[in-house]
Amino acid sequence: TSPLVVEKVWLDKPKYDAAERRYYESLSK
Amino acid sequence: MASGTLYSYPDNFRTYKILIAAQYGGGSVKLAPNFVVGQSNQTPEFLAKFPLGSVPAFESKDGHCITESNAIAFYVSSNELRGATDVDRAQVIQWLSYADSEILPPASVWTFPYLGIIDFNKQDVNNAKNQIRNVLTHLNNFLLARTYLVGERLTLADVVVACSLLNLYKVVLDPSFRKGFQNVNRWFTTIINQPKVKTVLGDVKLCESEPKVPA
Amino acid sequence: MASGTLYSYPDNFRTYKILIAAQYGGGSVKLAPNFVVGQSNQTPEFLAKFPLGSVPAFESKDGHCITESNAIAFYVSSNELRGATDVDRAQVIQWLSYADSEILPPASVWTFPYLGIIDFNKQDVNNAKNQIRNVLTHLNNFLLARTYLVGERLTLADVVVACSLLNLYKVVLDPSFRKGFQNVNRWFTTIINQPKVKTVLGDVKLCESEPKVPA
């Protein structure tokens, strides 16, 4: 078994990064 | 002693990490005034220094450019905050990695819906809650006989991990949830009440009741 | 010069980072023999030293315990590899953070289906490909007039970023994809052919053709 099996992959990270960026950009304006 | 300009969102745990570290480092780190994220970090001048356009971004008085909040915090820290020995420094870096890989993802998934940043998804939030429960259990056991995360004094490890838990403590960790983690609560209260930390964070209002799913 | 025992999987980019750093550090870092992940890291003896049970985990000859692969790599490195000045050290940490937050997630999403670790999802893989394209574009521009990521010599930044790109180069970055990133290819080839790096990685076989979706 590959050691990569136990790697945790945050599949939704891009979605959360984009949402966070939009949130702070709107606060910034 | 590192001084310079920090380009970042003013009220954000990543910014807090850096400003707190700078309090200890003793240098003058100022938030760039009139910095509109989404606009100011897309100008040619900004991209010339910080090609990715990401924030936080730091330019020191002598022109060095650094990105990634943990790296900036490390740079503006004092030597003591970075860790007094090779082992301490490695353990500081260990906790910085831990905060980014084990705390941040579930903390974001759990808190963002309540902050109105992302839609509420019950299964995602429940999974995140369980992961945070595991994190807090680990921290609670670790802090049973310790005041600080590395060595016997406050280091960047405490600052970064505390800032990574900040939104959790403010938004979703209601009293009944957090009463199972008394050592973490003790440690967290100690950190946020250090004078240099309080200068940046002010009074931190902890979550008082179970959070409501936003409309 | 740090010596000790590394508990980790033998053929894994996280282990490579550490073993390469140890080559430069000069200490004796040995992989624990007969270490079965999922079993050996759940024993009471292991958990007494490493409560989270996560690997890689490192125990130095003088009994210090460190987890998180970047922290272990930092610890077993030489001073030169960590960065010669405060700025260099901060920039090394910057690239370590960048590798973990910007490279690893999309690299995992793109390569894992071809390694049979997760199911193939076309949209996830396409999104990951685009993110990696952005990463490689950024690196390519950065490395236009640079040989190394920090300063004028190889540092832990190069080791960690190269190891984070390793599976990409071996599994999915076929010649037509990577021909658009000549500076990155030059840099990557330089790093993997450094004698101390080659001692750990051996000959690295690059992806030769567009990867096939596994049955």
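How many residues does the contact take from chain C and from chain B? Counting heavy atoms within 4.5 Å as contact, there are 24 residues from chain C and 24 residues from chain B. Please keep in mind that this is a predicted model, where local features need pLDDT of at least 70, side-chain atom pairs count only at pLDDT 80 or more, and totals for chains, interfaces and linings use all residues. Residues are numbered from 1 along each chain as its sequence is written, and chains are lettered from A in the order in which they are written.

Let us stay with these two chains. Together they bury about 2200 Å², 68% of it on carbon and sulfur atoms; buried area is the accessible area (1.4 Å probe) lost on being put together, summed over both parts. On the chain C side, C:Glu68, C:Ile93 and C:Gln94 lose the most area to chain B, together 22% of what that side buries.

The interface also holds two salt bridges, each a side-chain nitrogen of Lys or Arg within 4 Å of a carboxyl oxygen of Asp or Glu. C:Arg82 pairs with B:Asp86 in a salt bridge, with the closest N and O atoms 3.5 Å apart.

Key:
Heavy atoms only, no water. Buried area = accessible area lost by both parts, 1.4 Å probe.
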